Structure formats: C-alpha cells, structure tokens
Amino acid sequence: MTSSARACLKTRLLMQTLEQIKDRITASFPDARLEIIANGSPANQPSLLLDHAHARQIARFLRDDPALRFDYASNVTGVDWPEKIVKEKIKVKKIIDGVEKEMEEVSDRKTSAFLESVYHLYSMTLGHGPLVIRLRTVNRGDDVALPSLTPVWRSCEFQEREIFDLFGIQFQGHPDLRRILMWDNFVDHPMRKDYVPTDSGEVAL
Amino acid sequence: MDPEPQIDLSKQGVVLTTVEGLYNWGRKNSVWPLQFGLACCAIEMIAASMARFDMARFGAEVFRPSPRQADLMIVSGTVTKKMAPQVVRLFNQMPEPKYVIAMGACAICGGPFRDGYNVLQGIDLYLPVDVYIPGCPPRPEALLEGLMNLQQKIASQRLTGPARPRHLRQSAPGEFTVPQFGSHDLVGPRLPKDQTPDANS
Amino acid sequence: MMAVSDLQTSRAGDSAGHDLLEVSMGPHHPSTHGVFRMNVVLDGETVVKLSPVFGYLHRNHEKIAEKNSYLASIPYTDRLDYICSMTNNWAYVLSVEKLTGLAVPERAEYIRVIVGELTRLFNHACLAGFLLQDMGALGTPLMYAFREREKILDLFESLSGARMMCNYMRFGGCRCDLPDGWLEQAAKTVANFDSFLDHFEALLTGNEIIRARSDGVGVLPAALAINAGVTGPGLRASGVNYDIRKVDKYGIYSRFDFRVPLGERGDVFDRYMVRILEMRQSLKILEAAMRDIPAGAIIDPKAKLRNLRPKAGEAYGRIEGPKGELGFYLISDGSATPYRFRIRPPSLINLTVLEDMCLGHTIADVVIILGSIDIVLGEVDR
Amino acid sequence: MNFGPYLFLVIFGLAALVFALSPLALAWLWARFFSPRKPGAVKNAVYECGLNAQPTGWVQFKSEYYLYGIIFLIFDVETIFLLPFAVAFKGLSLGACLAMLIFILLLAEGLVWAWIKGVLVWK
C-alpha cells in the first residue's frame, strides 16, 4: 500500500462526496448548471464545471459552507483547448432487417474550442481536498471573459493575472488585471497552442 | 622585456617592470565584480565567494552593488528579454575599463531555455563578452578559472599602439545601444558581429 | 494615514505638507534576492504603497515542457527553485506517479525522505543567512550557512553527480542507489548539524538587535494568510497548523513522528524561529529514516521512463517544499508530451500579501519582510 | 639670510601641496594621453536599479528631517568646544569652570525644549 494508492483512497472519500457536493450546491442554487467532468487518470480527481452566472456565488458558498469550508484556493491554471478534429466511434443503434443492433461508426467531430481556468480548492480548517472546479469561456476569439474568483480567494490574484497575461482570459471583477510576466506593451498571449514566436533572427544551431 | 633577467633580479629583491606591467598588475588583482545575480548561476557565484572556494584569493570578493564602483559584470543566469534592457543599461553605467563574463549556458546562448519566447539567446547579442564559462551551472572552480582567464587577458592588454583595448581607443564606441520593448519582441540594433571585444587579445 | 486607493504617482497631493517619493527597488537591487522589483511609494520613510513587478526571470518552463517528454522535464524542475532541486524533482515525480498510478518501492521512499529533509535543512539555514544579511549582518551568518550547505552538497554530489542540479528522482523511484559509505557520511553530517544549529541560535536568536528589528515587523494575520494562499513556514508562523506532510501524508511521512512548529504573532521573528524549529524536526526525521532504511530495489522495474505515455487525464500532485506547497498539475492527452504542465509556485503566491505586510513600515523593514518570505525568482517567474 | 622661524612652515606647506596635487596631476596626464573621455547619455543617466530613471529627486522632504539635522549639528559643534575644556580641565580656575557650565547647561536646556516640542520624533 504505497503512497499513490493511499492517496487515491483518500481522494476516493471525496469522490463520493463530489456527487454530494454537487447536490449540495444545486440544493442552494437550483438554477445553476453544474456538470461533473470525469478524469481518466488513476489520480481520481474529477472536476466540476460551473456556469458563469453563478460561479462567484457558488465559490463563496464553497468557502463559507460549514460542511465544506474550502477556504484555500491552492492552484489556478489556464488551459487552452483549440478546435480539434476528433475521430470517434459512435455506437449507433440501427434497425437492420428488423433486429436492433448496435453498430460502430467512425465519424470525425469538431470539438468546441474554448479557454478554461481550473481551480484546485483545499480546506485548511477541515483538511480535505482537492475539489477541482472549472470555468470555460464561450470561445477562443472575441468572447473570452470569465468571472474572477479573486474577491472570494485572494490567492487567485496573481495566478489569474498570469492566465490573463499568457492565455488572454479576461477576468471580470479582478481588482487589478494587468500583465504580470511579460512586459506591458506585449500584445500576444504566448501560452496559447497557436502562438508562433517571432523568429529572433538567430541562426538555428 | 625578456623574462629571464627579470626573474633572476627579482630573486635578489629587485623588481623590474614597465608602466604597463605595473598598471595591469594592479588592475588584474583587484577586479571588483558587480553584485548582479540573475538565476541559478548566481547561487554558484555566491558559493564561489564563500569560505570554501574563496574568491578573495583573487581579489574579487568585493561585490559592489552599484555599477559605478564595479569593473566586472558577471552575467550569471538567464537573460530574459524583459531583463535585457536593464542588463545593457547597467553595463553602460559602469566606468571604463569594464569587462563581461558570460557565466553559464544561459548567458552564452540561452542554454536549456533557448527556445523560450521570453529568453534572450545569449548576452553577446548586445554586449561584448570577454570570457565565456560553459556549464549549467558552472562549478565554482570553473568560475574561478574564468576569472583567471580574465586576469590573464587584463595582464596582456597594451596601453599604446593599434592593438590597445576598446576603452583606450577614441574611435571605439563607449556605449552600447539599449534594446527597447516592442509589441512582439525586443527592438533595437544588436551588437555588430564583427565587433569582438578586443581586436588583439 | 492616506487611503492607498486615491494615490497618484510621485507628485501626489501633498496633504501632509510634503511630497510622496516613488522609488523602484528595481530588478537589480542587493536586497531583492534576484531580479524582483517593487515600486514603492514613500511618505518620508514610511511605505504608503508597494506594487511588486515580476517577469524578469520568466524562462517559459511551461511552454518548453509542452514540447518535452515527461522524462526530459525532470532536469528543468531542478532549475525552478534552484536552491532545492531535490524537492522540485519529488513534487514533479509525485504528480506523474499520480497521473500514471505507479507504485514506489520502500527503499526509494526512504531515500526521497532523506534527501528531501536534507534539502529543507540547508534551504532554511541559507534563508536565515540571507535574512541576517538583509538586516545588516554582512557575511557572518551567511558564511556559516553556506559552510553547512557545502557539506550537504557534497552528499548530493556523490549521490547524484551534480551539486545543485541533481536530476535524481524518476517516476517510480530514484535514478541510482546510495553509494557505499554514503549513509555513514550523511549520519555524521546530520549529527554535527545539531551543534551547528546551537551555534547559529546562540549567535542569532537571543541577539537584541535582531529582536528589535524583527519583533512586530510585517505581521501577517492568520485569516489573511489562509485566504491569500500563503503556505509553508510563512503560514505556520501565523499560527495555522497546515503542513502537507501531515495533511496529505504523501510518501512515508506518516511513519515518522515529528511536530509542526507554529508561531503566534506571524511577524518576521516568528517566520525566522519557525524555520529554525523546523530544522530541528527535520533532524529527527533524518535520524529515524537513516536508522530504518530497508534494502531493496530503488525503482519500480515496470516503470517505463523513456516512452512514458500516460492515459488521457489529469493529476495534481503537491508536496511540502521548503518554501511552501509546491504542486504540479499535469494534463495528458495520451501522447508522449504533456498537454499542459502547470507549476504551482509557492514563492509567487506567498508574495500576494507582501504589500499588506509592508504598509506603514519603513523601507528598511520592507527589505527584511521580503527576506523573511524566502522567494527564489526561478520559481516566482517560472 | 635669516628667514626666522617661519621658513620651515612655508616649506612644509609647499611639500603638503605638492604631495596632494601630484597624484591628481598624474591622473589628469594619464587620462589625457591614454584613456580618452567617452561620456554618453545612458552612462551619465541617474542609476535607478537598471531602469530608466524618472527625475523625481527634487521632492519636498519632511521638515522634521531638517530640524533633526540642525540639532545634531549644534551638538556636534558643541563637542568641538568641549575638547580644549576637557584637555585643560585640571589647570582651570573656578570662574572658567562656571563659564563652561553655563555654556553646557544652555545647550542642554535647548535639547530639552526640542525634545518636549517633539521635534526628535518624525514618524
């Protein structure tokens, strides 16, 4: 029973509670659209996708609810999901000569392109975590706004500024949204997958 | 001056030297580096100045925080594009004669972070470098050896004649252009390739 | 006191009969522990506004890691917090093991605890040395701290081949076994580290200049510390009992009994004292770990290193690094290179509260408060 | 030709002058022949941690600093006067001691007044 197995056990306790947490949230925010996103790796850290309208109230609820007390936003990450053509086998039910059979069909599907910010929440008072919540923008082009969670957890201040600097997500309600790493009149967002660095005129070795 | 009589005489306590020899001997044994650490190589530079590797044996343990009192800039660590204007401005604000040691792979050519979008691929794009010390980070002994190379270079500099160093030639530029921040990358002329720090040494 | 928000630039309104001076403790400054910059607005000598500026050492770890294989990123983690390379390796390797579900043999776990705690020892010793250098004790404490650091670096060099950039841990264990005689040498170093600590404390802790300069300076209340995500000794100095070795019980830390020192006031002296006490607890862990380290394999034989292709998914692994919670968030899409490689930098997030701690203090205290937070720019700017 | 007791003073003065000025003259000659002057805009700019210095130096300072400095100067000068008094202390008459006492007390009273006025605290 080595470390990673034990870690999975501990997070598994949270696993069941993720449904409970989701139900708890929908209990107090009935019209919030929540979605549990599975996580393929054995790390057993599924995440909860929030919608923009209720994001900040749900975040404040997660922090202040006595049973949850997620008072520590440990890590805020920006992720760029550009458009991809995905070849998928879809199980299609077809009626073939009277018998309903499941057929596998390969079709390529364009995934929707969006930018995402992922929050890993822990509770210092109750000691459990991580609860992973995700916020997704509408698209990667003109509408890249997300509600900022810095008013709820101040630890997101610099990390959200870094996501704005490197990915270009506009965090609404952030007290001081400026570039943090690149110089001020830099215009690109270098961590996006489709960023082409300027060729520095240097002969490649 | 052929060295044999010099050595015999110095055995009897008589020192024969030239003005140039005296001038360079004084300068090479009191090289004051600028307190200027960028990244991991700076920790190795501090370790070199501590008790175990003891840079004081070479007279170079006095790290001057202000560029006005320093003669050597050890560029120890990755020079990013956001830091490059400051590095060049600091070098310009140092009084002549001044030297640059590019310590570590990052200062030489960008090192492991060469294809980073914010990393300058070597400080010799903007500054004339006198000694390159490879390594990531170079061991303190390697830094000391680089310092000895610099001392040999200082000792061999001539005061007069066409081969005298940059700071003694009125024609050589006294200042290096500071790069500016563009909207995509650094803008501004770079050091012309043919301008090696010192034509002769 | 003037409200900070209605402050303009340097020629601000001189309501108190004099101007405010805006000075930048810029990228090149002896007290900023590297290329970190603070724009400080001063009312006479008192700090009225302080805004940190980052990015002067942004070396794009995360962009380069997206082009590297999982194995090739290990040497890059050495250069994140370039003082504690072993604990950076451990954090990255732990999160890859979470991503792939790899198990780690017993001996490797013990070796990881030993080198991790050795790293914590000389990181805290160097921090005390640099903090005293900021207070004006030029050289002496730093010389002591670096002398001890050199002894531990010799151990790391004989173990991994390199002094600072060890590149020692692999997914599922460690790269090579302990050379013979290494454990005895390490036990000797740990044994006289205790007497070094007594000398160090005799020189520093009771010194009234240090008490005068650090008592009640840069107080960080516990609630603000939690909300601002401060972790590590800075958080425990404010009295919050949160040590990831106890919370997550990663590795085999649950087998060692060590106490977590807590401060009361959360000022500069508490942050210094918590680190000294943590060093003593690390010595206890080291003695226990070196006593009952088992023999056996040091790497999981079926751990694929070169062409590691974890299943599509994500994992966030974290450890209690000397500077705070160091975490790696990896998203893999099944290919040999990570889709997203995120590093949770404890130094950067601990700096969120730098302005709150410095308001109202003089500029000489700003230097000490920054020194007590213990930042390394390689990790702040990544 | 007897120049009386002051000749050695003149020689001593001249030697001191030469001793002081000769390195300066040497340095000036060296600079003129060997190392040419190359002033530059960036080289002569104000050093501000590597950044472009905005000229904010001319700022009205707090007046308390000025008063603090003046008070220090007064007591610094006072110690100069006390020096001969302390050296010749044994051979002095009562009147001289009284006069010196008045001098010291006057200054002490000034310090007490400044202390009460709160000039020494500038927080």
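Good morning. From the N terminus on, the elements of chain D run α-α-α, that is, 3 helices and 0 strands; helices (H or I, at least four residues) and strands (E, at least two) are DSSP runs, numbered from the N terminus. The model is a predicted one, in which local features need pLDDT of at least 70, side-chain atom pairs count only at pLDDT 80 or more, and totals for chains, interfaces and linings use all residues. Residues are numbered from 1 along each chain as its sequence is written, while chains are lettered from A and ligands numbered from 1 in the order in which they are written.

Chain D has a radius of gyration, taken over C-alpha atoms, of 26 Å, well over the 14 Å that the globule rule gives for 123 residues, so chain D is more spread out than a compact globule; the rule is 2.2 Å times the number of residues to the power 0.38. Of those 123 residues, 2% count as buried, meaning that 20 or more other C-beta atoms, placed from the backbone, lie within 10 Å of the residue's own.

I turn to the interfaces. Between chains A and C, 32 residues of chain A are in contact with 41 residues of chain C, contact being C-beta atoms, placed from the backbone, within 7 Å. On the side of chain A, S3(A) provides the largest share, 6 residues.

Between chains C and B, 26 residues of chain C are in contact with 30 residues of chain B. On the side of chain C, H5(C) gives the most, with 4 residues.

Notes:
Two residues are in contact if their C-beta atoms, placed from the backbone, lie within 7 Å. A residue is buried if 20 or more other C-beta atoms lie within 10 Å of its own, exposed if 12 or fewer, and partly exposed in between; C-beta atoms are placed from the backbone.
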